[in-house]
Amino acid sequence: MVGITSYGAYVPIYRLSRKDIGFMWGKGAGSGERSVANADEDTLTMGVEAAIDCLRGMDRRIVDGLYFATVSPPYIEKQSASIIRAAADLREDIFTADMAHSLRGASSALKAAEDAVKAGSAKNVMIVASDSRLAAPNSTFEAEFGDGAAALLIGNTDVIATIEGSYHLSSEFIDIWRKPGDTYMQVWEDRFIREEGYLKILPQAVKALYKKLNLDPKTITKAAFYAPEARAHGALSKAMKLDPKTQVQEPMFGVLGNTGTALAPMILIAALEQAKPGDTILFATYGDGADAYLFKVTENIAKVQDNRRGIKKHLDSKMMLPNYGKYVQIRELMEWEKGTIPSRKSSLPVIWRERELVWKLYGQKCKACGNIQLPRHRVCMYCRAKDNFEPVRISDKTGTLFTYSMDERAQEIVLPKVFSVVDLDGGGRFYSVMTDRDTSKVQVGMKVEMTFRIQLEGMELHNYFWRVRPIRC
Amino acid sequence: MESIKDKVAIVGMGCTPFGEHYSKDSVDLIVDACYEAFEDAGVTQKDIQAAWLGYVNSDIAMTGIILAGALQLEYIPVTHVENACGTGAEAVRGAAMALMAKAYDLVIAVGFEKMKDAGFGGIPQAFPGKWHPVYGAAPEVGGGVGRYALAATKYFSTYGLTPQEGKTMLAKVSVKAHRNGARNPKAALRNVITVEQVLNAPMIAWPLGLFDCCGINDGASAAIMCRTEDAKHFRPKGDYITIKASGIACGPGWGKERPDYDFVHWEETERCAKQVYAMAGIKDPRKELQVIEVHDCFSIAEVIAVESLGLVPKGQSKKDIDAGAWEQEGEMPVNISGGLKSFGHPAGASGGREIYEFYKQFQHKVEEPSRQLKRDIKLGLAHNQGGHPGNFVCGITIVGEPPAGK
């Protein structure tokens, strides 16, 4: 049987209180908080986090394909999936594709993955969904949205939740859109969207699935489905004949926000984290139609539940943004003063030449003396053996902070820039920058781990590389 | 291998005031320093047979031609050298080697840097056009402060100093620099400061604050050199100095990548010191050196340099500093000129400027009489290092009293 064989998720460490949004604009902006990607994060980096979480403790070579679903990709022209593939250190001889343009991208990817595994063209296909949609300041979306990512591995061995059936509905209904060059999404009147849009289209697909599978909705253990906000989510529960108290997975609007393409998969993962063998889970997405799936949880679930950061651990590990201004700063909502330091250029040949380091964070281990070193050298720093190295993945290593400094004047959105000399567990030293840190807690000897981030916006490119952060959770 | 010791003499020197010379360009600075040196040696540019010119930033000049144009040198070789902050030492070294080889009889070594046309207070990027994540010295990925601050953090933690104790120790180094620089007419910062001011100054890169950092300035220095046996033609004995040793040590960069580097010593300085102490025959540098000019681009740089030069046991600078041992009247004066801290650091000019301090002290011609060291001056050390902790180039020149009979 084809189904989910693993899951992983990611929630950025920063949260913004909706009180602070309301205070900024002199209005009520709801209760709770929303997640906010750090200045060095985008949907691609969050996708890498989720992908790596999904493969924790597993052989990354088993993945035969990767779909990346988002409506907020870092590039309009340039695939993100291929970069996620490289950063997650997946094989090169796999198919990768971005599923962009629709909030339903995650379930489109799920369908494609399921079909590939069924057809035998792939054994294991990964779906990564990630969104960080920029909402117009003082818009309703600003308080509603959140940033986050989810990853699911689809295969037919060691399945943790089998696909029992699905129903797919395509609709030309227009509710929300963004043209190339638009900074913010545009939206039609909310009553039209609600009454003619998701309140009709999503239940239509779900009810069709009930009929197709001859399913009594009362038998569903948990339902994980998209809605733009909490009130609509409640209304949808009723429309789909589900008991909101017992049958509906909490949609996390109060602690996370609407993470767009990633929201339904994140709710699904939250459900899987608490699921027991035999549970049935309804999964439904919305956007340009709707997709509905029914999963049945197997006894393999426990193995994965024990070994993922997933939703809950990420939600529990957080830092509050001190005010709205900090949000404006890290999401770059304003045009800033121009820097006086001439900016450094990126060089694509350098990035390409150093791709094992830049994307995959590979160091090298001397075959003669065994010492790990990075970046690459031709001649060993310890024994001078020439061209006698084997690659070593550093991205999954932890390390100890040997020394640090906090530069208040570096070209960096979040200051100070915490320069970090990290001695890696297992050998080697990584000279790096620390992100997602509370500067009052940075100290020599603290443990850190690697995280894939944006470095500098040189040459109008997103320059990605690895940083370190305090061990997240 | 033949030692350079006492084979080459410096018979004339010039040094501009260091500072923000908004009304002077590179040529003005070069002319000011070189003409002071010419007049000092009693020569003209027509007597010069070859020149070595040090500057770091390729945006400010092209090749050695700028020197020929500035001084109207007629078709003699001018060699442009660059070795980061060791550039000044490298220019003197190149000139000395040529004299030693008897390829020329009278040469000039010039260092300059015009930094204040750039529009920002840092070191311009070293490799425009090349992007490399994290590694590299461009300000965007962390300037010198952030890098040296790594050593300060580690120094405190290694030797059990609380941040307050460590920062106070470093503050005393900066206070001393300002006290010395305040009396030096060629220094850029000529104000006396207090420990409290240093501790309360804005943070630049924790744990280093504003007064822990030297500035970036414009300046030039020049030295006219010949073989020691010819020195008497230019000035009387007792009025010229000889080169006792000249060393450069380029590190292989282990510190950034090998976990066995401790960030509390400068390996390149230790290795370079070994080279020059052997050449000069120095056994106990603390006792033998009277003028010690070290690279104090940051307060922590001076502390660790002094230790790595073998002048103080490792980790024990605080005792010395608290006792005032590095003050002008102390047991072992360090950076009596005011150092990079009060001069700023026009990279190519600093090495020559440090030798200039010894030259004037030795001749008892220090412009401001209160700065004159009241001791027998025989040997001085000029130390510079460029790059960052873990990956330096170090240049040291040892100069001193000519040997008896020469």
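## Domains and a helix pair in chain B

The C-alpha centres of domain 1 of chain B and domain 2 of chain B lie 24 Å apart, with bounds that come from an automatic or database domain assignment. This is a predicted model, in which local features need pLDDT of at least 70, side-chain atom pairs count only at pLDDT 80 or more, and totals for chains, interfaces and linings use all residues. Residues are numbered from 1 along each chain as its sequence is written, while chains are lettered from A and ligands numbered from 1 in the order in which they are written.

**Exercise 1.** Work out which element gives the largest share of the side of domain 1 of chain B that touches domain 2 of chain B.

*Solution.* The contact (C-beta atoms, placed from the backbone, within 7 Å) takes 34 residues from domain 1 of chain B and 33 residues from domain 2 of chain B. On the domain 1 side, the elements giving two or more residues are β1 (8–15), α3 (87–100), β4 (106–113) and β7 (219–227) of chain B. Of these, α3(B) provides the largest share, 7 residues.

**Exercise 2.** Determine how α5(B) and α10(B) are oriented to each other.

*Solution.* The axes of α5 (residues 163–182) and α10 (residues 299–308) of chain B, being lines fitted to C-alpha atoms over the stretch in contact, with angles from 0 to 180 degrees between N-to-C directions, come within 8 Å and cross at roughly 95 degrees. The two helices are therefore roughly perpendicular, a class that covers 65 to 115 degrees. The contact is made by B:Leu170, B:Val173 and B:Ser174 of α5(B) and by B:Ser299, B:Ile300, B:Glu302 and B:Val303 of α10(B).

Methods
Helix = DSSP H or I, 4+ residues; strand = E, 2+ residues; numbered from the N terminus. Parallel < 35°, antiparallel > 145°, perpendicular 65-115°, else oblique. Contact = placed C-beta atoms within 7 Å.
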